[in-house]
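Subject: The structure we talked about

Hi,

Here is the structure I promised to pass on. Have a look at it first, and my notes follow below.

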Amino acid sequence: MIHIDGSYGEGGGQILRTSLSLAAITGHPIRIGNIRAGRPKPGLAAQHLTAVRAAAAICNAKVQGDALGSTTLEFIPGSAVQAGNYTFDVSEAREGGSAGAVGLVLQTVLLPLVLATGDSQITLKGGTHVTHSPSITYIQEVYLPTVQRMGVQVEVELKAWGWYPQGGGEVQLLISGGSISGINLVERGDLQQVRGLAVVTELPSHIPQRMASRAENVLREAQLKPSVQPLRAKGVAPGAGLFLTAEYENSLAGFGALGRIGLPADKVADMACEELLKFHETGAPVDEHLADQLLLPAALASTRSEYRVPEVSTHLTTNAWVIEQFGLARVNVDEVEKLVAVEPFTG
């Protein structure tokens, strides 16, 4: 049994998700202690509990400690990962519902199902665009197109937007079984365009229009070529957000900001633009979020990967440490050159 210390490094939920994915793929039983010890509310929240149950469902695992607030988990896979049709609803994990992020559940089961034999259809319900987690728009615009270059075959459709605190969003995934190859993202090339989406649900249409206009003005002033679409979309409750994708010759990077009561539309636009402009200045091909999200597919690939990041975060080094506990790959992080190299142990 592999023992994982959930308080290591950044001490967040990424340790749990990566461990679950790798346990399902390798069949190794795991025991995780001190889950999310680095967070204000340690232990399993609704989205983490759903990720545990989702990982267990796809490999018939025996699980101990799968309860809200639990800081210890034992996970023993019972079979190879089974492709199939699955529905995972974060709102079922807690009485009274939850807007826990479905993106985190998606990241837990995606690669195990990619490496399984056969095709899968997954329905995810809960929060699609919530703070401190990858939004489904980011996954659609940045993460999935990047891993598709590594051979991952997946289609995603956002059926309904789900914001904090109500949730109620829905996402459908179609995953084809296959293999993964390495990627090289050391040079990003020139910026081709910045595209964006200013979206609201259950709010007046002048709000996305204002966010879109403001974002386009700010980015044009910075000599970039933006195109931001306003959209009134389907959702069960009011919500707003602006999502920007910077498309370079060789890579994609994504940035976003969510609206909340009392936060003007212009300010939401400014927040997202500021993040993008700060990243653009770094010259790096891979944004900070993609940097640690790429580690797992790179470790599971058949060939070496190398990519350059704007900064080496504890998120990145923590995720690298978890991967090395499973003996699947060697991860070298050059903090000076900001280069990440992943050498899978194939064969």
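Let me start with N34, which at 42% relative accessibility counts as partly exposed, because that label covers whatever falls between buried (under 20% relative accessible area) and exposed (over 50%), with a 1.4 Å probe and protein chains only. N34 sits in the loop between strand 2 (30-33) and helix 2. Its phi is positive, about 55 degrees, although N34 is not a glycine. Helices (H or I, at least four residues) and strands (E, at least two) are DSSP runs here, numbered from the N terminus.

Some ground rules before the rest. This is a predicted model, where local features need pLDDT of at least 70 and side-chain atom pairs count only at pLDDT 80 or more, while totals for chains, interfaces and linings use all residues. Residues are numbered from 1 along each chain as its sequence is written, and side-chain values use heavy atoms, with hydrogens and water left out.

You'll find H132 in the loop between strand 6 (119-126) and helix 4, and it is exposed, with a relative accessible area of 82%. Then there is a cis peptide bond between Y164 and P165, with omega about 0 degrees. P165 belongs to the loop between strand 7 (153-160) and strand 8 (169-176).

Strand 3 runs antiparallel to strand 4 (residues 73-76), and three bridges join them. V63 has F75 in strand 4 as its bridge partner.

S79 is partly exposed at 23% relative accessibility. Leaving aside neighbours within four places in sequence, S79 is in contact with C59 and N60, contact meaning heavy atoms within 4.5 Å.

The other open sheet also has four strands and mixed pairing, in the order 11-10-12-13. Strand 11 (226-233) and strand 13 are its edge strands, each pairing on one side only. Ten bridges join strand 10 (residues 191-201) to strand 12 (residues 239-248), and the two run antiparallel. Within that pair, L197 stands opposite F243 in strand 12. Helix 4 (residues 136-148) packs on this sheet, touching strand 10, strand 12 and strand 13, and its direction makes about 165 degrees with that of strand 13. Helix 6 packs on the sheet too and touches strand 10, strand 12 and strand 13; its angle with strand 13 is about 155 degrees.

**What's inside**

A nonpolar core here is a set of buried Ala, Val, Leu, Ile, Met, Phe, Trp, Tyr and Cys residues joined through side-chain atoms within 4.5 Å. The largest one has 85 residues, and F75, L124, Y143, L295 and Y307 have the most contacts inside it. Its largest share, nine residues, comes from helix 2 (residues 46-59). Apart from it lies another core of 28 residues, among them A198, L224, C273 and F279.

Leaving aside neighbours within four places in sequence, L295 is in contact with several residues, including Y307, V331 and V342. V342 is in strand 16 (residues 339-344) and is buried, with a relative accessible area of 0%. V342 and V331 are eleven residues apart in sequence, with their C-alpha atoms 4.6 Å apart in space.

Q293, in helix 7 (residues 288-293), counts as buried at 10% relative accessibility. Beyond its neighbours within four places in sequence, Q293 is in contact with Q107, P134, Y138 and Y143.

Cheers

Notes
Pairing = 2+ DSSP bridges. Axes fitted to C-alpha atoms, helices over the stretch in contact; angles between N-to-C directions.
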